[in-house]
Amino acid sequence: MAGQDVRTIGILNMDMSSTAFQLSAGMTRLKSYIRKRMRDPDQVEDIVQETLVRVMEQEQRQVIDRPLAYAFRVADSVILSGARKSVRETGLDGPELVCELPLADEVLDYRQRLARFEAALARLTPQRRIVFRMRHIDGKSRQEIAQELNLSIEAVKKHLVRAMADLTLSLEGDLGPVGMGNKDNG
């Protein structure tokens, strides 16, 4: 157990930011919280470390106002994620199945990526943004867009290609496989 505490302290000492300091100060409470929710006490330290890693990674992307409160939510997500994985591996299918809703940190990541996409979309020229929205959000054909906006099909194609290129450049870190997030969180 002492070796595991040293690893946990090592994670926090990598960057003794305000977040790390607050997490360090609340470590006993966090461990107790996790211990009460775990069936296997041997996994508590692994859950603590995974929680700390996720919180510190998130802190690299945004300011966390209440790091310890956020850590409790992330710990719940890590525990639920582990339970889901266990259910999938064992093939159990019973009344104790975990909720299939996305985890809190997944929802937060999705919302941040959506906000970055909307900001990138807002930076497009007005005509390009309208054409992009009509095609990819409203689902209209190039022909319909051309008729509605009094443009040639070639102009519509040009706007779509350039919009995709502009968005790709703006969102380079977010364009990975679904669920992978941006480059910062792996």
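This is a predicted model: local features need pLDDT of at least 70, side-chain atom pairs count only at pLDDT 80 or more; totals for chains, interfaces and linings use all residues.
User: What percentage of the residues of the chain count as buried?
Analyst: A residue is buried when its relative accessible area is under 20%. The chain has 186 residues. Of these, the share that counts as buried is 33%.

User: Which share of the contacts with a separation of 6 or more comes from residues 24 or more positions apart?
Analyst: The contacts considered here are those in the chain with a separation of 6 or more. Within that set, residues 24 or more positions apart account for 57%.

User: What is the relative orientation of helices H2 and H4?
Analyst: Helix H2 covers residues 18-25 and helix H4 covers residues 44-61, and their axes lie 10 Å apart at an angle of about 155°. Angles over 145 degrees count as roughly antiparallel. The orientation of H2 to H4 is therefore roughly antiparallel.

User: Which residues of H2 and H4 make the contact, and what are their classes?
Analyst: H2 passes H4 in a right-handed crossing. The contact is made by Thr 19, Ala 20 and Leu 23 of H2 together with Leu 52, Val 55, Met 56 and Glu 59 of H4. By class, these residues are five nonpolar, one polar and one charged.

User: How are H3 and H4 oriented to each other?
Analyst: Helix H3 spans residues 27-37, and its axis lies 10 Å from that of H4. The two pack at an angle of about 125°, and their crossing is right-handed. Angles over 145 degrees count as roughly antiparallel and those from 65 to 115 as roughly perpendicular. H3 and H4 are therefore oblique.

User: Which residues of H3 and H4 meet, and how many of each class are there?
Analyst: On the H3 side, the residues are Met 27, Leu 30, Lys 31, Ile 34 and Arg 35. On the H4 side, they are Val 44, Glu 45, Ile 47, Val 48, Thr 51 and Leu 52. Counted by class, the contact has seven nonpolar, one polar and three charged residues.

User: What is the orientation of H6 and H7, and which residues meet?
Analyst: Helix H6 (residues 104-122) and helix H7 (residues 126-137) pack at an angle of about 130°, with their axes 9 Å apart. H6 and H7 are therefore oblique to each other. The contact of H6 with H7 has four nonpolar, no polar and two charged residues. The residues that meet are Phe 117, Leu 121 and Ala 122 in H6 and Arg 129, Phe 132 and Arg 133 in H7.

User: Which residues is Asp 76 in contact with, leaving aside its neighbours within four places in sequence?
Analyst: Asp 76 has its place in helix H5, residues 67-90. Asp 76 is partly exposed because its relative accessible area is 27%, a value between the cut-offs of 20% and 50%. Its C-alpha lies 8.6 Å from that of Leu 103, a residue 27 positions away in sequence. Leaving aside neighbours within four places, the contacts of Asp 76 are with Tyr 33 and Arg 37.

User: Is Asn 150 buried or exposed?
Analyst: Asn 150 has its place in the loop between helix H8 (142-149) and helix H9 (153-170). Its phi is near 55°, a positive value in a residue other than glycine. Most residues other than glycine have a negative phi. The relative accessibility of Asn 150 is 72%, so the residue counts as exposed.

User: How far apart are the C-alpha atoms of Ser 18 and Asp 65?
Analyst: Ser 18 has its place in helix H2. At 48% relative accessibility, Ser 18 counts as partly exposed. Asp 65 is 47 residues away along the chain, and the C-alpha atoms are separated by 9.9 Å.

User: Which residues does Asp 166 touch, not counting residues up to four places away in sequence?
Analyst: Asp 166 has its place in helix H9, and with 29% relative accessibility it counts as partly exposed. The C-alpha atoms of Asp 166 and Ala 120 are separated by 8.1 Å, although the residues are 46 apart along the chain. Not counting residues up to four places away, Asp 166 touches Leu 124 and Arg 128.

Terms used
Residues are numbered from 1 along each chain as its sequence is written. Side-chain values use heavy atoms; hydrogens and water are left out. Buried means under 20% relative accessible area, exposed over 50%, partly exposed in between (1.4 Å probe, protein chains only). Contact means heavy atoms within 4.5 Å. Axes are lines fitted to C-alpha atoms, for helices over the stretch in contact, and angles run from 0 to 180 degrees between N-to-C directions. Helices (H or I, at least four residues) and strands (E, at least two) are DSSP runs, numbered from the N terminus. Angles under 35 degrees count as roughly parallel, over 145 as roughly antiparallel, 65 to 115 as roughly perpendicular and the rest as oblique. A crossing is left-handed if the near helix is turned anticlockwise from the far one by less than a right angle, and right-handed if clockwise. Ala, Val, Leu, Ile, Met, Phe, Trp, Tyr, Cys and Pro count as nonpolar, Asp, Glu, Lys and Arg as charged, and the others, Gly among them, as polar.
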